[in-house]
Amino acid sequence: MPMKCGAPLLVLLASASFALALLLAGAGLPEYSHRIHPVALRGATGLPGAMLFNAGAFLLPGIGLLLASRGLRSALAPRGWAARIGLTLAQLSVLAFAAQGALPLDARELDGDASRLHALAWMLWWIAFVPGMALLAVGARRDARIAGACLLAGALVPLLAVLAPVGTWVGLAQRLAFAAWFGWWLWMALVLSRVSASAPGSSPIARR
């Protein structure tokens with residue numbers, strides 16, 4: 001599938017899978033609240049439909065974004081070490097995101113080893129993303145749109161995922177962080193696909 005439509009379509013499908021999983025999260029568990037509860041709590045071991053939720057919310061979106069990132073890597077590969085390493089870190093963030101579904105929380109023991117592994121995957125998700133955005137912004141210094149979008153996403157994700165979740169808005173803040181993350185992937189896929197279509201062999205990422 002050519003990058004012109006392939007990468008954006010894959011990101012859209014990944015985002016749709018995540019959104020659909022959230023939309024159906026209340027099925028069989030009406031007390032689950034998007035405002036209060038973290039996303040991953042719905043997929044905790046022992047809850048009804050946990051495996052299906054983890055597949056739709058984490059595993060399938062992760063696979064879709066990894067496939068989409070292959071097209072982005074092809075566009076960025078010749079454009080400098082900063083862009084290449086930045087995208088690699090963004091891909092690591094995707095792997096950590098998918099791992100949250102493969103390493104679910106344990107509803108019976110939220111402080112146990114399984115839950116700690118899940119928390120580690122969640123931390124790696126945003127920790128890898130932040131320096132990745134900084135490096136992509138450095139590589140895109142000749143294109144203010146890409147640099148600005150990367151810096152904005154790199155600031156919003158940890159702000160919403162780590163600093164904003166207080167009180168009764170923990171769940172909502174985390175969902176906004178995931179929305180910013182998916183939004184960056186979609187925006188980058190659309191921008192690079194347009195660049196590839198209009199000027200083959202070129203990219204707004206500066207050569208180093």
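I first looked up Arg35 and found that its charged end sits over the ring of Trp169, 5.5 Å from the ring centre; a charge counts as sitting over a ring if NZ of Lys or CZ of Arg is within 6 Å of the ring centre and within 35 degrees of the ring normal.

I noted that this is a predicted model, in which local features need pLDDT of at least 70 and side-chain atom pairs count only at pLDDT 80 or more, while totals for chains, interfaces and linings use all residues. Residues are numbered from 1 along each chain as its sequence is written, and side-chain values use heavy atoms, with hydrogens and water left out.

Next I turned to ring pairs and found 13 aromatic pairs in the structure (rings of Phe, Tyr and Trp, the last by its six-membered ring, pair if their centres lie within 6.5 Å; planes under 30 degrees apart are stacked, over 60 edge-to-face, the rest tilted). One of them joins Phe97 and Phe178, edge-to-face, with 5.5 Å between the centres and 80 degrees between the planes. Phe97 counts as buried at 0% relative accessibility, and Phe178 is buried at 1% (buried means under 20% relative accessible area, exposed over 50%, partly exposed in between, with a 1.4 Å probe and protein chains only).

I then checked Trp184 and Trp185, whose ring centres are 5.0 Å apart with planes at 75 degrees, so this pair is edge-to-face too. Trp184 is buried at 3% relative accessibility, and Trp185 is buried at 0%.

Last, I listed a cluster linked by ring pairs, whose members include Phe18, Phe53, Phe97, Trp125 and Phe178.
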